[in-house]
Amino acid sequence: MSRNLVIVESPAKARTIEKYLGKDYEVLASYGHVRDLVPKEGAVDTEHDFAMRYDIIDRNAKQVDKIARSLKKSDALLLATDPDREGEAIAWHLLELLRERGLLEDKHVARVVFHEITKKAVGSAVANPREISDDLVNAQQARRALDYLVGFNLSPLLWRKVQRGLSAGRVQSPALRLICERDAEIEAFIPQEYWKIEAQVEKDAQPFSARLSQLDGEKVEQFTVNNQGSADAALETLTKAAQGQLRVVKVDRKQRKRNPAPPFTTSTLQQEAARKLGFTAKRTMRTAQSLYEGVSIDGAEATGLITYMRTDSVSLAADAVNELRSMIGKRYGDKNLPDAPRTFKTKSKNAQEAHEAIRPTESARIPDEIKSNLTSDQARLYELIWQRTVASQMMHALFDTVSADLAAGDDAKHLFRASGRTLREPGFLSVYKEGKDDDKGDDDADKRLPHLEENELLKLAEIIPTQHFTEPPPRFTEAALVKTLEEYDIGRPSTYASIISTLQDREYVEMDGKAFMPTPLGKIVNKFLTDHFTRYVDYKFTANLEDRLDAVSRGEEKWQPLLREFWDRFSEQIESKQDLSREEVAQARELGTDPKSGKPVIVRIGRFGPFVQIGSKDDEEKPKFAGLRKGQDMDKITLDEALYLFTLPRDLGETPEGEEMIVNVGRFGPYVRYGKKFASLKEDDPYTVTKERALEVVAAKKEADAKKLIKHFEAEGIKVQHGPFGVYITDGKKNASVPKDQEPADLTLEQCQEIIAKAPEKKKRGRKGAAKKDTAKTSAKSTAKTTKSTAAKKTTAAKSTSKAKSTTKTTAAKKTKAKGSTAKKAPAKSSTKSADSANEGDA
């Protein structure tokens, strides 16, 4: 019998920790979240202090049962889930489930927290337990409730007004707005011309360049010389004044220090891994999770190689700093070791200084020496973390800089500026250099000038004017987007990976190389939200809400009043937008007039994507519709391109059997119809496919159908044929499987008719969709107003503000009320927490 049951989140972590703790401890994984809000209206009861109805997550139910069985045989329960708000909530949810099953009687319950999975850290955490933090749990509950209220009320509105399957999220939507606004800046950008004028100079056979800094006694700005005429005039003036030489009028020599960057936080790790390794945020967090949970080095027991990877802190533990300094002195020499340890100040308002930055658990594990034990991704990310951490405690880099003013002419009205730099002491740069989002070259590379003295004359080789144009701001790369989200205080670094994944999964954005571009659908969703829910995609509002949630986690603010303030205004906004027409939202754009009918040609978004329309619903004749082709942008399509779409359907004549052949595009892609049958045009363009090619496609389809067909009673319209799930019989209205004890080829007409008669009727299409549509029509008002009957059933849930400090045997015995109720079996959506996701955004 195991005296102590320890719960962590992942099985990999469980295996590592169980080896550390020994035979008196059994370590099981919860596999992330164990329960979540029921995916139904009223899961957050807005009329009863936002009491929440939870249900166990189906895929983790068996694991909870396993934990329950093990707890019956144990004396103590140690909740060792991750050391963050999500981990605290998982511990609390599990505790509530076990309490409801009556399994906490006479059990010692404690919360243990560690930030690295090493024998020392785990042992210290077990020896120093604490209680579950109500503040952290309440903050997570408030965050989950907000996400539910936004997603469950705003998303259905998008389904009705734009198209089904869309979503809006509390943090996802401002992130989409950032990408769309950058795209709009790029679209509206007008390039401006400017000219650079440089002098090619030489001394002692060493050429160098100098840029014009002063012309006719005036400082040269970016647009001082802004056209060919002014460039030619400046060239003539400077050439005449210089007379083939420049005079050194001033030389400045200085030394410049550059200090290392702080060790990694979650956000900066995601940014650097994107810049240097090409990792997505999701890939970075997944790889970091595996390094944190434990890796076996040279056959030894698995141990965590890095500290916890979800952190806003840049501080390092004193023991870690001492170990780093010792290693730096031995490996890089005392000259690269500062007199005192470096300290860094955390910018995040909510960083908990008890937490550490992301660092190696032992700096003595040199990346090259353990690389053979790691996967490629693990080795590359570990090296990045190791280098950044080591560099953060090393000596600054020292540069010698020199700048010189060179005059064209004796009066010094025209000046060129030459700059040079050499690296005197590399310091931390010998280990690590921080990446940048642009590609402007290496700022720290040597740019040498020859030795210059004031008043000496230099040979002027030539003066070169070059034309340039201003460029639009760059699109967001993943690193740049993560950096901007953090600067705006939108979301939290641990959620960035899931935010970005959601934007891509919903097809709101697509990748242009490594940069994000909004899709037409993304632009429409963003405009709808920006126009009609401005407050909820406002950067300051979102950031302020995050700050208040952080205040809840620190115990400085109550969560129910925060939700009440948000919900009252948000529900009114939802209710006021119910009558918006689809046309108002769809952002229809008139392209011109159809020359054949004289009717307007319009492009807009529909249920199945963007399309072009000729005419309107008010005309006597029904309007014509054509979907856009792959790659066409509804914002950029021209009238001619739109009219070309109406060349479908195309009549390609007849098959040799006399069947009419028509080419068109349907919901499932392009096709050729021959008679009453269809063949898919998978690789062919329906607008240009020839009759000969269409006949080949039809012939191939007929051959495939012939192989599929086993028996055909043509007069009765009954077929016995092969299908994707085996042999079946069909009369065109009903399908029936062939009994296993009968040979399909031997079936008679009477047997087929009897089997079909016994088969169930086909389910009518659209009923399931109709049910979903009904659900989508649920308004904020109906979400807010639950019946008295429902409210009565939620008495337990309404008591969710009661304390959940169940970390000792005595406290657990006193507890009789749960902080949230667990509903009977409802099909719950999984919200299992992993390295690349957190409860953030959608319902």
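**View 1. T730 and the residues it touches.** In this predicted model, T730 touches G717, I718, K719, Q721, N735 and I756, leaving aside residues up to four places away in sequence. T730 itself is found in strand β27, which covers residues 726-730. With a relative accessibility of 11%, below the 20% cut-off, T730 counts as buried. Look for the side chain of N735 here: the side chain of T730 makes a polar contact with it, at 2.8 Å.

**View 2. Y54 and W92, an aromatic pair.** A search of the whole structure turns up 16 aromatic pairs, and one of them is formed by Y54 and W92. This pair is edge-to-face, with 6.3 Å from centre to centre and 75 degrees between the planes. Y54 comes from strand β5 (residues 51-56) and W92 from helix α3 (residues 85-100), so the pair ties together parts that lie 38 residues apart in sequence. Are these two residues buried or exposed? Both Y54 and W92 are buried.

**View 3. A cluster of rings.** Here we have F528, F533, Y536, F541, F566, W567 and F570. Ring pairs link these residues into a cluster.

**View 4. F399 and two arginines.** Which residue lies over the face of F399 at 4.7 Å from the ring centre? That one is R256. R421 also lies over the face of F399, at 5.9 Å from the ring centre.

**View 5. Helix α12, from end to end.** Helix α12 takes in residues 376-392, 17 residues in total. At 1.5 Å a residue, α12 should span 24 Å, and its end C-alpha atoms are 25 Å apart, which agrees. Of those 17 residues, 13 are buried, so α12 is largely enclosed by the rest of the structure. Confidence in the chain is highest in this helix, at a mean pLDDT of 97.

**View 6. Helix α26 and the stretch around it.** Now for the other end of the confidence scale: α26 (residues 809-814) has the lowest confidence in the chain, at a mean of 35. Over residues 766-843 the pLDDT is below 50, although this stretch has 207 contacts in the model beyond near neighbours in sequence. As for the chain overall, pLDDT averages 86, and 88% of the residues score at least 70.

Technical notes
Residues numbered from 1 in each chain as written. Predicted model: local features only at pLDDT ≥ 70, side-chain atom pairs only at ≥ 80, totals over all residues. Heavy atoms only, no water. Helix = DSSP H or I, 4+ residues; strand = E, 2+ residues; numbered from the N terminus. Expected span 1.5 Å × (residues − 1). Buried < 20%, exposed > 50% of the residue type's maximum accessible area, 1.4 Å probe, protein only. pLDDT = per-residue confidence, 0-100. Contact = heavy atoms within 4.5 Å. Polar contact = N/O pair within 3.5 Å; in protein donor to acceptor, adjacent residues only side chain to side chain. Phe/Tyr/Trp six-rings, centres within 6.5 Å; stacked < 30°, edge-to-face > 60°. Lys NZ or Arg CZ within 6 Å of the ring centre and 35° of its normal.
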